[in-house]
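Keep the sequence and the coordinates at hand while reading.

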Amino acid sequence: MKASDIAILAFYNLRRNTMRTILTSLGVAVGIGSLAAMISFAQGISGNISRSMENNDIFTGLTATSRSIDLDDPGARRSSSILSQEKAEVPLNDSVIDGIREWKEVAIAFPIVSKPATVQLAGRSLRASLKAVPIEMGEFPPFSNITRGRFFESADEPRVIISRQMLQQMKILIDGESDNVGLGGDVLSLPLDSVLDKELKIVTRVFDPDKLNFINPRKGELPLSNEVTSLRIAGIIDNGAFSSGVFNGTDVVIPSLAIDYVPCIDLRSIYDIMDGKSDSQHKYGSVHIRVKEHRNLKTVKFKLEEMGLQVFSVGDKLEDIENIFLMLDSIFAAVGVIALLVSILGIVNTLIMAIYERRKEIGIMKSLGGTQFQIKMIFYVEAAFIGLVGGICGVAGGKLASQAASSFANSQIGKIIGCDLEFFDFSWTLAVVAILFSVIISVAASFYPANRAASIDPLDALRRE
Amino acid sequence: MALLKVSNLCKTYYKGENKIYALRNINFDVEEGEFVSIVGKSGSGKSTLLNLLGGMDTSAEGSVCVGGINILTMSEKQLSQYRKFTVGMIFQSFNLIPTRTAIDNVKLPLIFSNYPRRLRETRACELLYNMGLYNRALHYPSELSGGEAQRVAIARALANKPKIILADEPTGNLDTATSAEIISLLQMFNKKHHITIIMVTHDKETAGRVSHKTVLLSDGEIIKITTNPNP
């Protein structure tokens with residue numbers, strides 16, 4: 001008996017009970033669709049977050065600071081430094097950072113220098129932070145993949161890089177972007193040309209001796225005034241909804257030497273002033289370090305802690321994040337598996353019903369020389385066909401449902417996070433695997449009915465009317 | 001050597017604690033090309049004997065040798081081969097698959113025997129034509145008369161060119177005229193194509209008239225074997 005003959009006989013049998021075949025296939029479709037959608041959701045969520053983190057080098061970046069901060073009692077640090085001198089703070093200056101740069105595990109290390117500012121563009125303004133980057137950062141994400149504009153050409157180039165997220169917060173859309181994150185009214189649409197290479201006004205606060213009131217200092221305002229610096233925009237980063245560890249969406253990035261062009265009162269460390277420490281000792285508050293590979297993270301962290309520095313890294317939490325994703329995957333898969341189990345019971349039920357209905361027919365087939373194997377194969381092919389149809393419909397339905405759910409989720413969450421996310425990762429591989437799985441599981445579900453059909457006694461079957 | 005040799009065949013079953021003999025010490029031979037009738041009253045063991053000869057039942061003592069091989073000791077796979085190529089079965093209630101057309105019913109054994117697909121249609125048409133049913137090929141069993149349905153069953157039994165046709169009361173559900181037609185058909189295949197026919201019937205007169213050998217059964221035992229060299 002040829003495979004094609006078995007397929008024709010099986011197809012013929014299924015066609016005899018079209019409605020039952022459709023309903024059983026629908027049951028499989030619901031099971032497979034749910035399972036595929038759940039897996040794609042788990043993959044989408046974990047992939048989305050992981051991708052964003054990887055793109056922004058979060059897993060390889062860490063920040064070290066010389067100061068320990070007790071969030072419960074911010075004043076505790078200072079008092080302890082006065083009362084106990086046995087553990088001195090490590091000064092973060094150029095020579096210390098140069099030393100860190102020499103470590104073989106370190107890709108780049110630079111001090112975090114920032115200035116508070118208000119930025120103005122096309123009549124819109126936003127509170128932001130001016131952050132300095134070394135020219136070497138051009139080789140690392142997110143600066144290595146700037147799609148609009150370019151990175152800095154020199155460390156003293158008087159230009160800035162802003163993010164798409166910052167523009168959105170200023171309610172500015174560029175290049176005909178649609179407002180898919182719900183910016184609300186008063187949105188300004190600008191062509192890319194009118195943003196790139198155009199001037200960004202940076203308003204900073206500077207010390208103004210003219211405003212000092214020595215006669216009655218309590219009455220007067222702070223001796224500060226606004227200083228406006230205009231710098232051209234070199235590029236726009238499309239860094240999504242997540243920060244890159246050290247840079248976030250409301251930062252204006254500026255070359256490390258060019259930051260000196262922007263005057264700003266330095267309120268970096270009131271404690272340092274009060275402690276009477278010199279500028280050369282404690283030049284920087286913190287340093288950002290990127291290791292060459294994620295596996296170097298622990299070594300570098302250990303070395304930094306040995307130096308007495310406080311270290312923070314998101315990469316450190318990678319294992320916890322992975323465990324959360326694994327748990328999510330397991331929960332979603334379990335829900336899908338339950339749906340699939342129900343559909344398997346549907347297949348078993350359908351085939352057992354078919355045995356009762358076709359008992360005499362099976363007896364006739366055996367009396368005509370049909371072997372147990374041939375009878376089994378007919379049932380397997382019937383189940384495989386149900387699985388195939390159910391799998392295809394399930395994948396198609398799951399894909400449609402996931403797209404609808406994704407659109408809905410983006411319409412709600414997109415407003416909050418400022419950009420669209422791919423909540424479902426419904427790849428072709430997942431679709432093919434889901435269909436194959438559907439066929440395999442359906443054939444597996446037919447083992448018992450097929451064996452029961454094959455073991456029917458022809459004599460007994462033919463006696464029945 | 002006889003085509004079929006039944007030796008010391010016994011079949012028993014239990015009803016409560018009582019051992020019932022369905023067949024007791026059955027011995028007879030069937031030569032190639034013979035028309036053999038098994039006659040007897042209801043419950044005499046005719047159909048039980050035929051089912052053992054057809055390999056539908058193997059739970060018996062003694063032996064049923066076909067071509068020198070005891071079919072009672074055959075494996076399930078060997079029995080399938082035996083039912084496929086050596087014997088063709090005809091039943092009182094026709095046992096056609098009601099949801100398939102006449103030609104599809106005839107093609108079914110050809111599918112199981114891996115008969116070439118392109119020749120199946122021709123073979124099935126040829127058989128139906130020989131049965132005078134060419135114009136009924138696409139009819140379902142429910143659209144056929146009893147005689148026509150039994151002729152389709154005969155065509156199906158002949159599909160794989162078996163050596164032996166086993167007919168279990170083939171005329172039991174038919175009127176006299178149609179019964180005569182069916183018996184004539186079987187006779188024709190026996191004489192023209194030298195197909196061995198073993199027929200179970202309770203019609204002693206017809207059996208004696210058409211058969212080379214008539215085996216009379218009563219309570220599972222052979223009472224008498226009569227022969228007729230020129231049926």
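B:Asn27 lies in strand E2 of chain B; helices (H or I, at least four residues) and strands (E, at least two) are DSSP runs, numbered from the N terminus. The model is predicted, so local features need pLDDT of at least 70 and side-chain atom pairs count only at pLDDT 80 or more, while totals for chains, interfaces and linings use all residues. Residues are numbered from 1 along each chain as its sequence is written, and chains are lettered from A and ligands numbered from 1 in the order in which they are written.

Is B:Asn27 buried or exposed? B:Asn27 counts as exposed because it has 12 C-beta neighbours inside 10 Å. The cut-offs are these: a residue is buried if 20 or more other C-beta atoms lie within 10 Å of its own, exposed if 12 or fewer, and partly exposed in between, with C-beta atoms placed from the backbone. Leaving out residues up to four places away in sequence, B:Asn27 touches B:Val6, B:Ser7 and B:Asn8; contact means that the C-beta atoms of two residues, placed from the backbone, lie within 7 Å. B:Asn8 is 19 residues from B:Asn27 along the chain, and their C-alpha atoms are separated by 5.6 Å.

Strand E1 (residues 4-15) of chain B runs antiparallel to E2(B), and nine bridges join the two. One bridge pairs B:Tyr14 with B:Lys19 in E2(B). Both strands belong to an open sheet of four strands in the order E2-E1-E4-E5 (chain B), with antiparallel pairing; strands pair if DSSP finds at least two bridges between them. At the edges stand strand E2 (18-30) and strand E5 (69-70) of chain B, each with a single partner strand, so one side of each has no neighbour in the sheet.

Chain B as a whole comes to seven helices and ten strands. Of its 231 residues, 46% are buried. Among its contacts between residues at least 6 apart in sequence, 67% join residues at least 24 apart. The mean pLDDT of chain B is 92, and 100% of its residues reach 70 or more; pLDDT is the predictor's confidence in each residue, from 0 to 100.

Helix H3(B) is largely enclosed by the rest of the structure, because ten of its eleven residues are buried. Among them are B:Ile103, B:Val106, B:Leu108 and B:Phe112. After H3(B) comes B:Asn114, with a positive phi near 60°.

The contact between the chains takes 19 residues from chain B and 16 residues from chain A. On the side of chain B that touches chain A, helix H2 (76-86) and helix H3 (102-112) of chain B are the elements that give two or more residues. H2(B) gives the most, with five residues. The predictor gives the complex an ipTM of 0.92 and a pTM of 0.67.

In chain A, seven of the nine residues of helix H9 (residues 359-367) are buried, so this helix too is largely enclosed by the rest of the structure. The buried residues include A:Ile362, A:Ile364 and A:Met365. Just after H9(A), A:Gly369 takes a positive phi of about 105°. The buried residues of H11(A) include A:Leu430, A:Ile435 and A:Val439.
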